[in-house]
Every structure is written in C-alpha cells, then in structure tokens.
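Hi everyone, thanks for making time. Have a look at the sequence and the structure on the screen, and then I'll walk you through a few spots.

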Amino acid sequence: MLKKFLFLFLSLTTLACKDSSKSQKTTSNEGIEMSIENAKGFTIKEFQGYSLIEVKTPWPDAEKPFRYIFKESGSTLPENLKYDQIIQVPVEKVVITSTTHIPAIEALNKENTIKGFPGLNYISSDKTRKLIDKGEISELGQNENINTEVLIELAPNVVIGFAINASNKSFETIQKTGIPVIYNGDWTEQTPLGKAEWIKFFGALYGKENEATEIFNEIKSEYNSAKELAQTAENSPNVISGAMYNDNWYMPYGNSWQAQFLKDANANYLYADTQGDGSLSLAFESVLEKAEDAEYWVSSGQFTSYEQLFNESEHYKRFNAVKNKNVYSVSLSQGETGGILFYELGPQRPDLILKDLISIFHPDLLKDYEPVFYKPLN
C-alpha cells in the first residue's frame, strides 16, 4: 500500500519507468504530445526548449482554454506563438491557492518552493505545516481577496490560480505587476484518476515530467488493483451519502466523482441513476422513503459524532445505518489547525479513498487496513 509519501524506486525500476513514459508519447508536427490518460482538462506538448500546456477547463463552462508556455532557460521561442502566459521552468518560488495543489508538489519533493497561500489554517499536511511553522510560507488572506501587497513582496515565479469563474480581481491585479498567473483545473475533473493525473501539470512546471508520470502510474495501478479486489465481494451493500442543510438533503449525483468511488468499491449507491452538476437536493421525506434501510451512510457532512448528528435532527435516528452505527465521515481526519485531510490529499490519492471505502463495505477483503480519510462517527 502506498503511504502518504511515495517511496523511491530502485534505479533499474526508474529506468524502466522512464522508458515506458517515453513510449507513451506520440509525435506530431506540432511537437511531442505527452500521454494524458484520464484527465480531460489539460494537454501537454513538448518542443525543443519549451512545453505548451493547454488548460481546457480552468472552471466549469469556461468559454476558452488557456495556453501556457513553460520555457527552459536559454531557449528561444518561435515567432507568432500564441499564449496567455509564459513561465521560465523549473520554477523556484510559487504561490498556490488550493490545498489540492499541495500533495502533488510534495510528491515531487518541491514543497520548499511554496512561498504563499491564502488561508494557512486549511493546510493539513504535516510536511508543509513544518514550513509554515518556520515562517517559510506566508499568509495571503482569503482566496477571494488575496493580499496582493504581501504576494508581490514574495516575488514568486508564478501564481497557480484556483477560480470558480472568470471574475477574479485579485488575479487581474497580480498579473498587471508582471507576475504570471496560471490556472489549475484539477477540481473540474469528473473521475478520481482524472483529478490525480494533474500531477503531470506540476511535473512540467518543475521539469519533473518523468517522475510525475511514474507517480501517477503507481497511483493508477493501486486504484485499479483495489477496484478489482472489490469486485470479488459477494454482495453490494446499499449506501447513501451527503447530509441535510436547511431542510434539504444534499448528496452527490450519480455521475459525480464521489459516486464513482462507491461504484468502484462495489457498493450500490441508491442515487446512482441521477445525473447533473453540483449536488442533488432532495426533501428529507423523499430520502427517508428510499434510503431508510440503507446499510451504510458515508460522507455525512461535517458531523464527527452521533451526538452532533442528533442535535442537528432527531429524524436521523430513523435510518438503519444510524441505528447500526454504520455512519462514516471524512471530518474526523483533520490537520492540527482543523483542515480536512480528505479535501487536500484525497484528489491526489484516489487509491487511498477507494481502499477506505472497500474496508468499510467489505471488511474481509482488507482486514488489516487502517483508513486514512473515512472514520466512523464517535
């Protein structure tokens, strides 16, 4: 099982992986296109001395893609090359704006390049928190209102942006100072492995393309092995997800990445036939009628105990999953300042999420497994 920090491969294995990654690239008149197997939101084409990264979905329903040039020192670019930003690589100082960026950077052993982040308390990783404690990473306020004065003083090579739409005045201000902002759209991916493959985006930024490919291949292998193991289970338990907010129950649609985990863990998600963006919203009575007898309830909002659950609503007691103490939450796995580990590490490590769920639904298949994200309510 992969641990939070990936092991170093033996030299022969590393050489074999590098040869494999090269064989996955296809040559065209426009450069050498890196193999992107699962992610739909970006492409990478490698040329002599630079790479062209196209981010297709920086946010949902984006009107156009962004084109970024990652340029090596001393190289020259062809004339009439169209791009939105140019960044000299490998970068040495970065500002990031989403906790989902951290695990990929750490996996590449480049966390020391992180110089600023908006909302340091949200960061869970012990490795990066040590840098925060040393004063090596600066607080930048809030993502919607970044302290641009502090950021400019940090003089990063690039700001890796996260945005839900095209309107972000902070990023516009930053770019006017000459500091490039590039958007990472990992969160828009609809599949677990699609999110994880964005490590190749960071690999190109740090000149570690082969290492990023090796890491992703290992995660994908672990995920697929766990998925195959789950299919050997003799039954598929009924499962519900989400929680109530303002009298409505919000849960993932059946075509979401969260629902894909339940399917791959060989569970019967009771709302698997629904489709849409965002969250499915249903009246409590409707959920009770359909899911009262569900065997498991996972991702139960911010609840960490049954006491909190019942304080919110006594109606939760009517579900069999509650009666049998089969409610599991990601909110119990927190960093020292309260950040939820699932939202930070989970997108980069879907193999661990899947194993967590398999250990819950089919405990005989992973008897000695220690869950990373999903824990039973207290």
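Predicted model: local features only at pLDDT ≥ 70, side-chain atom pairs only at ≥ 80, totals over all residues.

Residues are numbered from 1 along each chain as its sequence is written, and side-chain values use heavy atoms, with hydrogens and water left out.

Okay, helices, meaning DSSP runs of H or I with at least four residues; strands are E runs of at least two, and both are numbered from the N terminus. Helix α8, residues 209–230, packs against helix α9, residues 257–264, at about 50°, with the axes 9 Å apart. Axes here are lines fitted to C-alpha atoms over the stretch in contact, and angles run from 0 to 180 degrees between N-to-C directions. So α8 is oblique to α9; under 35 degrees is roughly parallel, over 145 roughly antiparallel, 65 to 115 roughly perpendicular, and the rest oblique.

Which residues meet? From α8 it's Y223, K227 and A230, and from α9 it's Q260, F261 and D264. Contact means heavy atoms within 4.5 Å.

Now H362, in the loop between α14 (350–361) and β21 (375–376). Buried or exposed? H362 counts as buried, because its relative accessibility is 6%, and buried means under 20%. Leaving out residues up to four places away in sequence, H362 touches A230, A233, N235, P237, A265 and N266.

Last, strand β5, residues 66–72, pairs with β6 in the parallel sense over five bridges; pairing takes at least two DSSP bridges. I69 has I86 in β6 as its bridge partner.

Conventions
Buried < 20%, exposed > 50% of the residue type's maximum accessible area, 1.4 Å probe, protein only.
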